[in-house]
Protein chains: 2
Amino acid sequence: MSDTLELLGFIAYTELTTFTRLAGAAATAPTSDHQLRLVRLAGDAVNRMERILARIEELGGDADAQLLAFDGTFDDYNARTVPGTWWENLLKGYVGNGVADDFCRIAVDGLDEQTRSLVIEVLDDNRNAEMSVRLLADAAGGDGVLASRLALWGRRLVGEALGLMQSLIVRHDGLNRLVLDGARQRAGETDVDQSWVFAQLTAEHTRRMGRLGLAA
Amino acid sequence: MSDTLELLGFIAYTELTTFTRLAGAAATAPTSDHQLRLVRLAGDAVNRMERILARIEELGGDADAQLLAFDGTFDDYNARTVPGTWWENLLKGYVGNGVADDFCRIAVDGLDEQTRSLVIEVLDDNRNAEMSVRLLADAAGGDGVLASRLALWGRRLVGEALGLMQSLIVRHDGLNRLVLDGARQRAGETDVDQSWVFAQLTAEHTRRMGRLGLAA
């Protein structure tokens, strides 16, 4: 149970982080139309966070404490991946969210059915990522220089994101247990270790960059 | 009907503005705990905005266009009321939201019953204002110098806010018609004009400051 609460706390914290990124982008949006769109997406992130926090309370946990246990988790990652342009910022959200989502999708298999379907639903509700795909794919498709810069930036991002997940499971035992449990179920064998998990995350990243028409 | 859509657009725009203010405060919050609280309040503002936008669509209007018709409405007001401190910022939200809410509560009487009850519900859902009341009343109660500074700031704010509402109804005929209709119903007579409305808004402001223990 405490492992479940730990995973829910992590997911709630990632939604809080998504909110902060989108609200910041809204504040500097070039048009009111973009601003409104980003504000609505930021609101969606808060709603997903609230659903996860409500589940923590239902399970008898302290929602705020579970979330705040992850406070600062992305600080180092953010300091190491300051985007130089609007496009780099967009790709950062796409890659970083993508890796965290994939991690959670592996870890989710050990949860009770109700929590599991809630988490899957929350992870699936990624309109933001879809918006990024379209914008990034269009832009990169029409500009070879941008495409190769973004491909390079994507490699940098995924390296940092994988390092972040590594340090995350070192510090949060419950996440480590859940992701290894999930990995065993997926792989259908018992001697699965972290390297299997990271190979999966890397493969998913490659597919994700492929959807943008970019080499991983 | 187009008057109704105009009022709904204005309310949606005020919620967007509330979101922006709360998200900005969250980004500079002194602790993660405060940050989380402000993010949740910002999320509530987006949800209220979405409910109003959904009603515009139900009534056959273009939600984004109705909201964006008010784009920039608060720019001049904001430029003239830059808060010097955290407390001044808090009072600004309390006073500014309060005046806009009171205005909408007068204007709402001319709406169809379903829209009217939605708007009342949205206006009542002002947890943010309640948080401000407690924080401001506590702080002013324990600090006479702060209390008299805030009282002065409150007078400045309400003058600017009333000027804003004045220019708003000059530019938006539908709002003007609705608020005068509402005023006639409230006053129970037909020869009611804008000065009645502004006297009401001022009286409500005085009561609101009284709840903080501050002179208006």
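At what angle do H2(B) and helix H6 (residues 113-124) of chain B pack, and how far apart are their axes? The angle is about 170°, and the axes are 10 Å apart. Axes here are lines fitted to C-alpha atoms, for helices over the stretch in contact, and angles run from 0 to 180 degrees between N-to-C directions. H2(B) and H6(B) are therefore roughly antiparallel. That word covers angles over 145 degrees; under 35 is roughly parallel, 65 to 115 roughly perpendicular, and the rest oblique.

This is a predicted model: local features need pLDDT of at least 70, side-chain atom pairs count only at pLDDT 80 or more, and totals for chains, interfaces and linings use all residues. Residues are numbered from 1 along each chain as its sequence is written, while chains are lettered from A and ligands numbered from 1 in the order in which they are written.

**The H2(B)-H6(B) contact**

H2(B) contributes B:Arg48, B:Arg51, B:Ile52 and B:Arg55. H6(B) contributes B:Thr115, B:Leu118 and B:Val122. Contact means that the C-beta atoms of two residues, placed from the backbone, lie within 7 Å. By class, these residues are three nonpolar, one polar and three charged. Nonpolar covers Ala, Val, Leu, Ile, Met, Phe, Trp, Tyr, Cys and Pro; charged covers Asp, Glu, Lys and Arg; the others, Gly among them, are polar.

**The two chains together**

The contact between the chains takes 20 residues from chain B and 20 residues from chain A. On chain B, helix H1 (2-27), helix H2 (32-58) and helix H3 (63-68) each supply at least two residues of the side that touches chain A. The largest share, 10 residues, comes from H2(B). The classes on this side are 10 nonpolar, five polar and five charged.

The same surface serves both copies, as 100% of the contact residues of chain B recur in chain A.

Helices are DSSP runs (H or I, at least four residues; strands are E, at least two), numbered from the N terminus. The expected span is 1.5 Å times one less than the number of residues.

| Helix | Residues | End-to-end C-alpha span | Expected span |
|---|---|---|---|
| H1(B) | 26 residues | 37 Å | 38 Å |
| H5(A) | 22 residues | 32 Å | 32 Å |

A residue is buried if 20 or more other C-beta atoms, placed from the backbone, lie within 10 Å of its own, exposed if 12 or fewer, and partly exposed in between. In H1(B), 21 of the 26 residues are buried, so this helix is largely enclosed by the rest of the structure. H5(A) is also largely enclosed, because 16 of its 22 residues are buried.

In H10(B), the buried residues are B:Val197, B:Gln200, B:Leu201, B:His205, B:Arg208 and B:Met209. Their cover includes helix H5 (86-107), helix H8 (144-171) and helix H9 (173-187) of chain B. B:Gly213 follows H10(B), with a positive phi near 75°.

**A buried valine in chain A**

A:Val119 sits in helix H6 (residues 113-124) of chain A. A:Val119 is buried, with 22 other C-beta atoms within 10 Å. Leaving aside neighbours within four places in sequence, A:Val119 is in contact with A:Ile11, A:Cys104, A:Val108 and A:Leu111. A:Leu8 is 111 residues from A:Val119 along the chain, yet their C-alpha atoms are separated by 8.1 Å.
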